[in-house]
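Me: I would like to learn how to read a structure like this one. Please take it one feature at a time.

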Amino acid sequence: MSVKIGTNTVQTDANGVFIINGADVYENFAYIITKKSGYIDGSRALIPTDGKNKVKIMMITNVPVQTVQSGTTSEVTLPNGTKVNFDGAFQDENGNAYSGTVQVFMYHLESSNGNLSSLMPGMLYAQDKDGNEKILETYGMMNVELKGASGQKLQIANGHTAQITMDIDDAQLSNAPTTIPLWHFDEVNGYWKEEGSAQKVGSNYVGRVSHFFMVEL
């Protein structure tokens, strides 16, 4: 597994342990990215110190949940009821319209997961739509990745959206707000950005997104 901090990249040992000395990071923000074939990219953000900084990152296997077809509406559902509805319009990383089969990789990281802090990307640091810094409380996170027939990365086509329906954890259901903001994780800068909102419908939050990475409620 590779680990990158700033401009430094190393490989972990057989036990997943790594050491990076003298990493060039911001004074109040260090962003670490891990990559391994067959897994969702992992990351962690932390406030660095002059001494040793220990970090634990757990990675999630990346297995397709379902294959859908472009040009037709489709629904991809996880066992707990969390789902995504597509309108069938997709594009590649260069913005070209895509036609063909689409593999959907999807994972719901529930707020009650005991390993939440090790599995989630970055930390609960965010920037709202007005550019203000925020510290978030999470109602769960969803990772969705799309790949074409040749393994190329895809996204929802420009001008289109997908509807996400995310199950609310039982412990949070009674106090869950009627409306909450949606946030997507900026994989380049390492923090969350506000984008849209979700409405409480029964025991779920329902909202629309224009692109996928990691989405947080």
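**Reading the features**

Reply: Start with burial: tryptophan 183 has a relative accessibility of 8%, so it counts as buried (under 20% relative accessible area; over 50% is exposed and in between is partly exposed, using a 1.4 Å probe and protein chains only). Tryptophan 183 is part of strand S16. The model is predicted, so local features need pLDDT of at least 70 and side-chain atom pairs count only at pLDDT 80 or more, while totals for chains, interfaces and linings use all residues. Residues are numbered from 1 along each chain as its sequence is written, and side-chain values use heavy atoms, with hydrogens and water left out.

Me: How are strands joined into a sheet, and in what order do the 4 strands of the open sheet come?

Reply: Strands of a sheet pair through backbone hydrogen bonds, either parallel or antiparallel. Strands here are DSSP runs (E, at least two residues), numbered from the N terminus, and two of them pair if DSSP finds at least two bridges between them. In this model the order is S2-S1-S3-S4, with antiparallel pairing. Strand S2 (8-11) and strand S4 (42-46) are the edge strands, each pairing on one side only.

Me: What joins S3 to S4?

Reply: 5 bridges join strand S3 (residues 30-35) to S4, and the two run antiparallel. One of the bridge pairs is alanine 30 with leucine 46 in S4. S3 and S4 make a hairpin with 6 residues between them, and glycine 38 in the turn has a positive phi of about 90°.

Me: Why is S4 described as largely enclosed?

Reply: 5 of the 5 residues of S4 are buried, so the rest of the structure largely encloses this strand. Gly42, Arg44 and Leu46 point one way from S4, Ser43 and Ala45 the other way, and all are buried.

Me: Which residues of the largest nonpolar core touch the most other members?

Reply: A nonpolar core is a set of buried Ala, Val, Leu, Ile, Met, Phe, Trp, Tyr and Cys residues joined through side-chain atoms within 4.5 Å. The largest one here has 27 residues, and Val84, Phe86, Val102, Val104, Val144, Leu146 and Phe212 touch the most other members. Among the strands that each supply at least two residues of this core are strand S7 (83-86) and strand S10 (101-109). A second, separate core of 15 residues includes Ile60, Leu109, Met120 and Leu136.

Me: How many aromatic pairs are there, and how is a pair read?

Reply: Rings of Phe, Tyr and Trp (its six-membered ring) pair if their centres lie within 6.5 Å; planes under 30 degrees apart count as stacked, over 60 as edge-to-face and the rest as tilted. The count comes to 5 aromatic pairs. The rings of tyrosine 125 and tyrosine 191 have centres 5.9 Å apart and planes at 75°, so this pair is edge-to-face. The pair links distant parts of the chain, with tyrosine 125 in strand S11 and tyrosine 191 in strand S17, 66 residues apart. Tyrosine 125 is partly exposed at 21% relative accessible area, whereas tyrosine 191 counts as buried at 18% relative accessibility.
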